[in-house]
Amino acid sequence: LVSRKRQQDDTLIHLGPATIGGGKPILIAGPCSVESVEQVRTVAAALQSRGVTVMRGGAFKPRTSPYDFQGLGLEGLRILKEVGDEFGLQTISEIVDPAHIEIAGQYIDVIQIGARNMHNFELLKAAGEVRIPILLKRGLSATIDEFLHAAEYILSRGNTQVMLIERGIRTYERATRNTLDISAVPILKQESHLPVLVDVTHSTGRKDIFAPCAKAALAAGADGIMVEVHPNPAIALSDAQQQLTIEEFNQFYTVIQQSGLF
Ligand code: PEP
Ligand code: MN
């Protein structure tokens, strides 16, 4: 079902005023984790002033250490809804438990399935049962074929609104957090009709190269970019090293806009 051979036309995902796939690229931005109403409101205001219409924010955080901040859970989704409604933004958040897939639709506009859960087949099946868009991240060490099969799980249950997002894969290279697989973009676009996005934050883990990597992704044909923004990254409860300040976000946005690719 995900194959371009089966469907030639690009799948389009309508999110409020934006359409993802087959046209103008989208920018999705927001904090790594939802921490407070004030924090999310500050980011939302910055996004709104640049015309960004989709905001991300993690509520259920898959952390490497059980002692690290695990996210605000349902309260985080509630905050996203409140702020999203206030600023007229569409919202995205990761869901990690199949039991939460159904209820998530009451709070958010897009369900993210994270890299660590790309192989969680019960979660993929549950995501296939609902009718809200899914943002599926490539697994930490997943091949392109495995990535497309994960998407197939969702489509096979009837949910055709799936977006793929390359977020870097694990290699021997330590100069970046993961290795951004740019070649995955044109390959996925050729093999599938689903929208393909690139997460510059988790792939590179380096703010100093977000802009060139975002330009490379757009030049390679990506339908959108995702980037993390926090009012005060130094005190962020997750990914403190790799979230943009509001000022850095504005600079990033200007560079991308001036590239003519966006
Ligand atoms: C995220 O986007 O919040 C996240 C945890 O990313 P990933 O699943 O790609 O590591
Ligand atoms: Mn993050």
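Analyst: Two residues are in contact if their C-beta atoms, placed from the backbone, lie within 7 Å. This is a predicted model, in which local features need pLDDT of at least 70, side-chain atom pairs count only at pLDDT 80 or more, and totals for chains, interfaces and linings use all residues. Residues are numbered from 1 along each chain as its sequence is written, and chains are lettered from A and ligands numbered from 1 in the order in which they are written.

User: Among contacts in the chain between residues at least 6 apart in sequence, what percentage join residues at least 24 apart?

Analyst: The count is limited to contacts between residues at least 6 apart in sequence. Of these, the share that joins residues at least 24 apart is 67%.

User: How many helices and strands are there in the chain?

Analyst: Helices (H or I, at least four residues) and strands (E, at least two) are DSSP runs, numbered from the N terminus. On that basis the chain has nine helices and ten strands.

User: Which residues of β10 point the other way from Gly 224, Met 226 and Glu 228?

Analyst: In a regular strand the side chains alternate between the two faces of the sheet. Strand β10 covers residues 224–228, and five of its five residues are buried, that is, with 20 or more other C-beta atoms within 10 Å of their own, where 12 or fewer would be exposed and in between partly exposed, C-beta atoms being placed from the backbone. Gly 224, Met 226 and Glu 228 point one way; the other way point Ile 225 and Val 227.

User: Which residue stands opposite Ile 225 in β10?

Analyst: Two strands pair if DSSP finds at least two bridges between them. Strand β3 (residues 26–30) runs parallel to β10 and is joined to it by five bridges, with Ile 28 opposite Met 226. Strand β9 (residues 196–199) also pairs with β10 in the parallel sense, over three bridges. The residue opposite Ile 225 is Val 198.

User: Which elements do the buried residues of α5 pack against?

Analyst: The buried residues of α5 are Phe 147, Leu 148, Ala 150, Ala 151, Tyr 153, Ile 154 and Leu 155. They pack against α4 (121–129), β7 (134–137), β8 (162–166) and α6 (184–191).

User: Which residue just after α5 takes a positive phi?

Analyst: The phi in question is about 105°. The residue that takes this value, just after α5, is Gly 158.
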